[in-house]
2 protein chains.
Amino acid sequence: MKFEPVTIKDIGKALGLSTSTVSRALRGSYEISSETKKLVLEYAEKINYRPNPIALSLKERRNHSIGIIVCEIANNFFSQAINGIESIAYNRGYHVIFSQSHESYERESVIVDHLASRSVDGLLVSVSSETKDYTHFKQLYDKGLPIVFFDRIANEINTHKVIADNFKGAYDATEHLIQNGFKRIAHITSAPYLSISEERLEGYKEALRKNNIEFDDKLVQYCHHGGMIYDEVEEALKKIFKLKQKADALFTAGDRITTTCMQALQKLEKKIPDDIAVIGFTNTNLGELFNPPLSVVRQPAFEIGQVATELLISMIESKRPVTEFESKVLQTELIIRDSTAKIKTK
Amino acid sequence: MKFEPVTIKDIGKALGLSTSTVSRALRGSYEISSETKKLVLEYAEKINYRPNPIALSLKERRNHSIGIIVCEIANNFFSQAINGIESIAYNRGYHVIFSQSHESYERESVIVDHLASRSVDGLLVSVSSETKDYTHFKQLYDKGLPIVFFDRIANEINTHKVIADNFKGAYDATEHLIQNGFKRIAHITSAPYLSISEERLEGYKEALRKNNIEFDDKLVQYCHHGGMIYDEVEEALKKIFKLKQKADALFTAGDRITTTCMQALQKLEKKIPDDIAVIGFTNTNLGELFNPPLSVVRQPAFEIGQVATELLISMIESKRPVTEFESKVLQTELIIRDSTAKIKTK
DNA sequence: ATCGTTATCGGGAACGTTTGCGTAAAAATA
DNA sequence: TATTTTTACGCAAACGTTCCCGATAACGAT
């Protein structure tokens with residue numbers, strides 16, 4: 001099927017004018033007589049003329065579109081973030097093109113390359129859990145393609161970054177568990193080299209340290225696929241339950257990990273919080289409906305998306321090369337519910 | 001910031017060749033000597049040449065991108081559907097551009113126009129709940145822009161459509177409630193003119209009829225914003241609870257409506273299923289974690305996205321105008337849990 | 001009558017490709 | 001050696017715009 005679009009030439013031909021005159025009339029240039037303008041405008045309206053954005057892009061070397069790369073869209077955090085991204089992009093006249101890495105480094109590289117070969121004015125990325133090497137970003141970035149990282153960032157690339165306060169979020173969650181009397185706190189997280197994993201692990205450790213609880217690395221389990229593979233999560237839980245010194249609480253880092261853990265705990269028939277208390281990073285707004293209602297660390301996903309987009313567009317539209325970069329850190333929210341209820345004094 | 005991209009001309013200049021030779025060498029044309037080819041290919045590789053997709057689009061009058069319009073992305077059903085869309089689009093070499101109508105007719109019109117002014121080869125749309133008039137789609141469609149509707153469809157436009165079997169899904173859910181002894185079944189749904197609302201309402205009515213239960217329109221409440229506005233949902237529930245002849249069960253149509261109802265029921269301190277049994281259309285995979293675990297009608301969202309995308313791409317790539325259109329209907333899945341447990345015989 | 005202004009418009013290059021056509025040199029044939 | 005064919009490449013148009021330069025006419029000023 002094809003589209004037979006009307007061009008500026010057609011208008012010119014129909015009206016006996018040159019394309020340049022038509023173009024100028026359409027843009028309301030002062031050097032076109034008002035009669036001609038009116039003529040052109042009316043005719044354009046009549047035949048429903050729309051300028052061809054591709055031709056414009058070619059000329060202006062701009063696309064008015066930004067690319068998003070995330071691991072998966074069917075994820076509370078990311079869909080909320082993308083919502084924020086779209087809200088800003090739409091207002092600023094940018095289209096949003098997105099694709100999913102599915103936590104694969106290979107696929108991420110392909111996408112970046114594909115997207116960035118100038119079909120996009122800038123990139124918003126949250127790296128995949130497999131990504132340890134950032135040269136595919138670095139190359140494009142050095143060539144002048146604006147990139148802003150959010151959530152899972154590439155520390156070694158010097159550009160804008162937007163994250164939640166993962167350290168503090170993790171610290172608060174862990175501290176909350178400790179305050180409620182839990183001492184053997186397990187931690188299930190994503191791939192260890194991910195920025196978010198590291199930051200959350202540090203927050204967790206710091207809370208233990210502040211409360212004189214010894215860190216035990218047997219209590220920390222990594223799910224390299226970020227909770228997308230159920231078995232990986234169940235395995236991690238089983239390892240924790242097999243420990244001689246039993247864990248009494250669980251702090252999960254990551255949206256998918258948290259929800260998958262809840263499913264696994266249900267399958268393993270563990271009672272929350274009696275067998276084990278649970279708190280986790282997640283952006284589902286369904287936590288209050290759980291049995292028991294789930295305590296969560298909530299990230300300002302929508303705002304993260306918004307801020308990242310604003311920074312990216314400012315980079316894109318900046319005349320001079322940008323040299324001052326910001327690392328915005330947005331606060332998380334600790335929502336306490338029954339899944340971390342105090343240990344009953346028996 | 002700008003991008004100083006290397007073009008085919010640069011290669012030509014550097015190698016003392018014409019642009020046409022370079023172009024042909026790059027595409028491996030037979031009329032270029034193998035030495036020249038090798039020379040060009042190696043140089044292109046060295047300076048990391050990427051063809052400018054915009055220039056290509058202008059020439060081929062194709063973009064290799066498809067547009068998606070949904071009401072919101074932060075919704076289980078739509079994010080799963082978009083996942084399916086992206087999976088197919090990626091494999092077929094298409095970019096995915098998406099935007100949200102936020103259930104606004106006004107915004108939907110603007111987006112369609114914006115997206116469709118040839119910056120996109122085809123459109124995948126699920127209409128907003130405010131949309132009663134489809135001329136904004138019809139216009140573009142008649143001009144030759146391929147459009148495929150999914151989920152919320154425009155019946156009056158003759159093109160491919162992909163939906164879940166809403167009638168049967170609703171029928172099954174209602175029938176299940178009846179089988180479990182419920183007789184006064186309330187129904188909360190979206191805007192009445194939405195195709196999905198109508199189909200689900202019909203399924204609900206049919207199940208009542210088959211079981212000789214009289215239909216009572218006081219038991220049907222419409223939430224025009226599809227559950228996005230909490231108060232609207234709470235209001236609908238309150239109306240239902242105010243009925244003299246009490247409702248004993250609730251069938252909710254729509255992802256957001258279902259989850260928002262659950263929140264409202266919790267706030268109103270209704271016990272499920274004792275005060276009221278609940279089953280609803282929703283694609284959350286967290287239903288089993290609810291208190292009580294929620295019975296649901298699940299749509300094959302991912303597959304719907306996939307099928308719709310395949311149909312759209314086949315339209316885009318068809319040489320001759322397409323005249324035979326399909327309306328694919330995919331089966332829903334009834335998942336029974338405790339929220340619809342049989343009435344206890346007191 | 002000549003000149004500089006002003007208003008209004010057209011020609012054509014440019015953005016980066018692809019591709020039909022033309023053509024020189026080299027190779028093959030007569 | 002003369003002619004034809006093949007090989008290998010360049011020129012230029014085209015896709016739809018914008019915009020720099022001119023160009024033309026009208027008109028008042030000199």
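A salt bridge is a side-chain nitrogen of Lys or Arg within 4 Å of a carboxyl oxygen of Asp or Glu. With that in hand, welcome to a few close-up views of this predicted model.

**View 1. Chain B meets chain A.** Four salt bridges are counted between chain B and chain A. In one of them, B:E86 pairs with A:R107, and the closest N and O atoms are 3.4 Å apart. The size of an interface is often given as the accessible area lost when the parts come together. Here chain B and chain A bury about 6300 Å² between them, with 59% of it on carbon and sulfur atoms.

**View 2. Strand β1 of chain B, covered on both faces.** In a regular strand the side chains alternate between the two faces of the sheet. For β1(B), B:S65, B:G67 and B:I69 on one side are buried, and so are B:I66, B:I68 and B:V70 on the other. Six of the six residues of this strand (residues 65-70) are buried, so β1 of chain B is largely enclosed by the rest of the structure. Its partner here is β2(B): the two run parallel and are joined by six bridges. Look for B:I69, which stands opposite B:S99 in β2(B).

**View 3. Two salt bridges across chain B.** The side chains of B:E72 and B:R256 meet in a salt bridge at 2.3 Å, N to O. B:E72 sits in the loop between β1 and α5 of chain B and B:R256 in helix α11 of chain B, so this pair ties together parts that are 184 residues apart in sequence. B:E72 is buried, with a relative accessible area of 4%, whereas B:R256 is partly exposed at 22% relative accessibility. Another salt bridge links B:R92 and B:E317, whose closest N and O atoms are 3.5 Å apart. Since B:R92 belongs to the loop between α5 and β2 of chain B and B:E317 to helix α12 of chain B, the pair ties together parts that are 225 residues apart in sequence.

**View 4. Around A:S128.** This serine lies in the loop between β3 (122-125) and α7 (135-142) of chain A. How accessible is A:S128, buried or exposed? A:S128 has 0% relative accessibility and counts as buried, because the cut-off for buried is under 20%. The side chain of A:S128 reaches the backbone nitrogen of A:E130 at 3.1 Å, and a polar contact of 2.8 Å joins the side chains of A:S128 and A:T131.

View 5. A:A247 is found in the loop between α10 (230-242) and β8 (249-252) of chain A, and A:A247 is buried at 10% relative accessible area. Among the residues that A:A247 touches are A:R184, A:L219 and A:D275. A:R184 in turn forms a salt bridge with A:D216, the closest N and O atoms being 3.1 Å apart. Both A:R184 and A:D216 are buried.

Technical notes:
Residues numbered from 1 in each chain as written. Chains lettered and ligands numbered in written order. Predicted model: local features only at pLDDT ≥ 70, side-chain atom pairs only at ≥ 80, totals over all residues. Heavy atoms only, no water. Buried area = accessible area lost by both parts, 1.4 Å probe. Buried < 20%, exposed > 50% of the residue type's maximum accessible area, 1.4 Å probe, protein only. Helix = DSSP H or I, 4+ residues; strand = E, 2+ residues; numbered from the N terminus. Pairing = 2+ DSSP bridges. Contact = heavy atoms within 4.5 Å. Polar contact = N/O pair within 3.5 Å; in protein donor to acceptor, adjacent residues only side chain to side chain. Lists of a residue's contacts leave out its neighbours within four places in sequence.
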